[in-house]
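Hello,

Here is the structure I promised to pass on. Please open it and keep it in view while you read the notes below.

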Amino acid sequence: MDFTYLLLFTFFTIGFVNFCKWLKDRKRIWDAIEPIGGEKWYPLIGTCLELIKTKRKDFYDVYCARNMKYGPFFRTWMGFIPAVHVMKPDHVERILSSTVNLTKGDNYRFVVPWLGEGLITGSNHKKWRVHRKLITPTFHFSILDNMMEVMAEKGQFLAEQLVPKANGQFFNIYPFLTLCELDIICETAMGVEVNAMKHSQSEYVRSVYGISDIMLYRMFHPYLHPDFVFNLSSKGRQHKKYLSILHGFTRKVIQERKEKLTSGRDVVQELSEEDKLLGKKKRLAFLDLLLEANKNSEGGLTDEDIREEVDTFMFAGHDTSTVTVGWTLFTLSNYPEYQEKVHQELDEIFQGEERPITPQDVLKMQYLDKVIKETQRLIPVVPVIARTLDQDLEIGGRTIPAGVMVVIHLARLHKDPDQFPEPDRFDPERFLPENVSKRHPYSFVPFSAGPRNCLGRGLANEQNASQPCHLGQKFALRNTKVLLASILRKYKVRAEKKIDEMKYNIEIVLRPQGGLSVALEPRRR
Ligand code: HEM
């Protein structure tokens, strides 16, 4: 009995001491960030009253209005989580260029069960550095050209699938784009053809969508945030099933590719030979390159590390690319004069020939490049990113203490009137080199910037990037241009909604609410 009391007393004392420490820490943070100001604070919910009351369909509007009202620098408390919000280029530079504050925001944790310590979610800095160093050189020109073949092939198939829809009637093009991107990313990341465009009901494809839906549902339903509640819920059980399918699939593919490698043969060489026999050119996937790089590195990646990185590519690549293509089609359908210029550029490149798109063609798509960037500025694919400070950081003349989340609003940054006069006006000329050079280098960072920038980034002009842009980052550029060119070579696009009528769903990417309704008409050349 005495022992039980002693045990209870010890637990209580430890708990109490920890609680006091935590309270002291919150007080320290409170004193530092409270003077910055922002929304009214309430016990338990912090400053979230407005967002809690908001319906999901209105969330993005309320979010934008809040940034307008309290921006460009304010603090919030998401319950007990302190955050400072930034949207001015100088402030954004402070955080993104930091080489010590590399930890992602707390809100990334819902993706961790799928991606583990992969590059996007990885919070172990040492491990992240090793992986990033190993992965970065896996992309080189010939590999990108190789991957571009997959993109061109799938883009052509997509354009053909749209033939029955090209009758001037409005339809939702979004599912077509999504399935096409999934096909591209599965083949380029893992070397596997899932044929999502042909059989959208494959188990893997269904699981990718299923798990994405559940992650978002969880994000917007705080009672599902604690793991033990989520795991007991029906969503949690379904999530577990999807995870087992997704991880099982990736592990199986890795095993098969690895077996070739451990049999002492050179997988890169051999796969190329195999493809040559099949009459294709080299078809190497990110996974093959990773296995090869790992073979030659000391203390390299475990099988599970590789699985996490391949899943990360799947996750990072497919949604972002789908949305970029979708939004660019949308802006072009709202501005027929710019669409006409893109058509002219494509006609000059292809001269009416039906041939597949090549890497040289993509380099010539200079006007399309500017249109994509201006679209990304106006409708950001990833509207917000976040870091949790590992060390105190000075922003805007104030010291923000370690432990605070810094939320970077790319959506608002890209509409800074000091950098982009008349920010709501669509004008691709903003991305003429002479205009770009006049702006702050952190005024337009759709792929983030600094040490944790996007590995698939590539919308920076291939010849003249304002930020260093290594070869791996050109993946997204080529992918986006190839799909857009595949559609726009054949069709004129008209959108049902005007830009100012569009409602957005803010998720990890910014999606069109209710899909993207467009009408296609075949082009007469
Ligand atoms: C238009 C398409 C894309 C956009 C707008 C985009 C945007 C971004 C942004 C904003 C980040 C930073 C996230 C953060 O700080 O939390 C990021 C990270 C990342 N992206 Fe992308 N991305 C795109 C396409 C891709 C593609 C196609 C791939 C892979 C093939 C990719 C792979 C990655 C990876 C691995 C990271 C994590 C980098 C790190 O933390 O070291 N992305 N992306």
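First, a definition: two strands pair if DSSP finds at least two bridges between them. Keep in mind that this is a predicted model.

Start with strand E8. Ala 495 stands opposite Val 518, which belongs to E11. Strand E11 covers residues 517–522, and five bridges join E8 to E11. The two strands run antiparallel.

Now widen the view. E8 and E11 are part of an open sheet of three strands, in the order E3-E11-E8. The pairing in this sheet is antiparallel. Which strands stand at the edges? They are E3 (170–172) and E8 (491–495). Each has a single partner strand, so one side of each is left without a neighbour in the sheet. From one strand to the next, the twist averages 45 degrees.

Next, the iron atom of the ligand. Which residue is the only protein donor of the iron atom? The answer is Cys 454, through its SG atom, at 2.2 Å. Find Cys 454 in the loop between helix H19 (433–436) and helix H20 (475–490). UniProt, in an unreviewed entry, places the feature "binding site" at Cys 454. Is Cys 454 buried, partly exposed or exposed? Its relative accessible area is 29%. Buried means under 20% and exposed means over 50%. Cys 454 therefore counts as partly exposed.

Gly 450 is partly exposed, at 26% relative accessibility. Gly 450 and Ser 97 are 353 residues apart along the chain, yet 4.6 Å separates their C-alpha atoms. What does Gly 450 contact, leaving aside its neighbours within four places in sequence? Gly 450 is in contact with Leu 96 and Tyr 442.

Last, a pair of helices. Two packed helices are described by the angle between their axes and the distance between the axes. Take H15 (residues 336–350) and H17 (residues 366–378). They pack at an angle of about 145 degrees, and their axes are 8 Å apart. H15 passes H17 in a left-handed crossing. On the H15 side, the contact is made by Tyr 338, Lys 341, Val 342 and Glu 345. On the H17 side, Gln 366, Tyr 367, Leu 368 and Val 371 take part.

Best wishes

Notes:
Residues are numbered from 1 along each chain as its sequence is written. This is a predicted model: local features need pLDDT of at least 70, side-chain atom pairs count only at pLDDT 80 or more; totals for chains, interfaces and linings use all residues. Side-chain values use heavy atoms; hydrogens and water are left out. Helices (H or I, at least four residues) and strands (E, at least two) are DSSP runs, numbered from the N terminus. Axes are lines fitted to C-alpha atoms, for helices over the stretch in contact, and angles run from 0 to 180 degrees between N-to-C directions. Donors are N, O and S atoms within 2.8 Å of the metal (3.2 Å for Na, K and Ca); water is not among the atoms, so sites may look incomplete. UniProt positions are given in the numbering used here, feature names are shortened, and annotations may be inferred rather than shown by experiment. Buried means under 20% relative accessible area, exposed over 50%, partly exposed in between (1.4 Å probe, protein chains only). Contact means heavy atoms within 4.5 Å. A crossing is left-handed if the near helix is turned anticlockwise from the far one by less than a right angle, and right-handed if clockwise.
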